[in-house]
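Let's take a friendly walk through a protein fold. Please look at the picture first, then read on.

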Amino acid sequence: MQTFTELNLSEPLLRALTELGFETPSPIQAQTLPILLGEPTDFLGMAATGTGKTAAYAIPLLERIDPSVKGVQALILCPTRELAQQVAGQIDLLGKFKGIRALPVYGGAAYDEQIRGLRQGLPVVVGTPGRVIDHIQRGRLNLSNLRALILDEADEMVSMGFKEDIESVLTAAPMDKCNIWLFSATMGPDVRKVADTYLRTPKKVQVNRTEMLPDTVEQLYFPVQENDKPEVLCKLIEMADDFYGIVFCQTKALVVDLTDYLVSRGYRADCLHGDMSQEARERTMKAYRDRRFNVLVATDVACRGLDVKDITHVVNFSIPRELDNYVHRIGRTGRIGKQGIAYSLVTRSHAYLLGRLERLTRTRIVEGRVPSRKEIAARRVERSLKAFSADGGSRRMAWKRVSDLMGSGWSEAIAELSKEEIVSRFLAAIHEDIFLDRNTGTAPAE
């Protein structure tokens, strides 16, 4: 399948796809859509985050729903409230011209709006397992008209301790008329048990690892000593063009310490970890999406289900304990055909894991070279030239203000200097941290 027009979709859905700029299906979409748009069936799909699986199940879901019927016809379970919000938003966009909207329900939020949505009889509910069970048990979420139950990122839900909750929802669903579609990046024993217990002769699609990892992502590793990691990270950020990325750490304590270190070095950084309140997490993510800072330091748990556009870099400050998380991590970049870069800082004791990752992903992870101090200095000077050369009304006003404040002392100070000497002195002053040794005050060795 080369285009969505080959699928004989309804006109309202094709119109929405066109408006959203959907043209060529991703591998998971190309293999899944013909199946789910056909005869009703249970389904098992292996696909990582960022491969387009939401549209893979949302498109056939929207074609199955009857907008004239009041009540929940589709239920989508997600591991986090962030993913639930994103999936609901995607359903709203795709169902725009069919008059179909989704209701996100999740913990940590007020009940009022969710209860109103359930009473309205919206056809699609997208929620986290705990809050969905809460609504079912209180009689607010009626599943009698359910036609499809989707488990999105099933492995993530299981790893976060939701296995029993998932099974409770599956037990409450009307299995005689409801199909189950399970999507997962990995198939561990617990996920396999859920699939074997509840899915009835499912049709299957497994996107191979090389397709699960975007081919637009360049993977590099850097051999480092543990104590050198923060400095190496700074160098990699410095050398990147417009770095906008996520740095993954193993523990909350390391996330906090590394964030403090980066901020002390002058970087625009903030953190995300599991001990933060939901309000604080939402505030941090809004600031990150708004580009008020460009380096997000986070744990795997805190970043599950997050979807941020145009991430340029993912940095594994250390290789994840659960190697499958590597797929989830680097899948955050290189999306929608854009280029992305994944860096891994690897100590000697963890070097053996590189081979396991290459076998797991069937891709090559290439050794990178940490940039030298001279290379970083050259990049700083290059960026300063761009800023210096930029024109505009506001900049000209700033120049005028500075000129008005310069007294005779400045004229005397530069009278005997060449243009190159004047510029070099200012650059050395602006970038003192790179051109002068902090301890001695002298120029460091290259």
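This is a predicted model: local features need pLDDT of at least 70, side-chain atom pairs count only at pLDDT 80 or more; totals for chains, interfaces and linings use all residues.

Which residues of H4 and H13 make the contact? H4 brings Arg 81, Glu 82, Gln 85 and Gln 86, while H13 brings Gln 278, Arg 281, Glu 282 and Arg 289. Of these contact residues, five are charged, three are polar and none is nonpolar.

Now turn to the sheet. Seven strands form an open sheet with parallel pairing, in the order S3-S4-S2-S5-S6-S1-S7. Its edge strands are S3 (102-105) and S7 (203-206), each pairing on one side only. From one strand to the next, the twist averages 15°. Inside the sheet, four bridges join S2 to S5, and Ile 76 has Ile 150 of S5 as its bridge partner.

| Helix | Strands touched | Angle |
|---|---|---|
| H3 | S2, S5 and S6 | about 165° to S6 |

Finally, the largest nonpolar core has 36 residues, and Ile 76 and Ile 91 are among those with the most contacts inside it. Helices H1, H2, H3 and H4 are among the elements giving two or more residues to this core. Beyond its neighbours within four places in sequence, Ile 91 is in contact with residues including Ile 76, Ala 102 and Val 124.

Conventions. Residues are numbered from 1 along each chain as its sequence is written. Side-chain values use heavy atoms; hydrogens and water are left out. A nonpolar core is a set of buried Ala, Val, Leu, Ile, Met, Phe, Trp, Tyr and Cys residues joined through side-chain atoms within 4.5 Å. Buried means under 20% relative accessible area, exposed over 50%, partly exposed in between (1.4 Å probe, protein chains only). Contact means heavy atoms within 4.5 Å. Ala, Val, Leu, Ile, Met, Phe, Trp, Tyr, Cys and Pro count as nonpolar, Asp, Glu, Lys and Arg as charged, and the others, Gly among them, as polar. Two strands pair if DSSP finds at least two bridges between them. Axes are lines fitted to C-alpha atoms, for helices over the stretch in contact, and angles run from 0 to 180 degrees between N-to-C directions.
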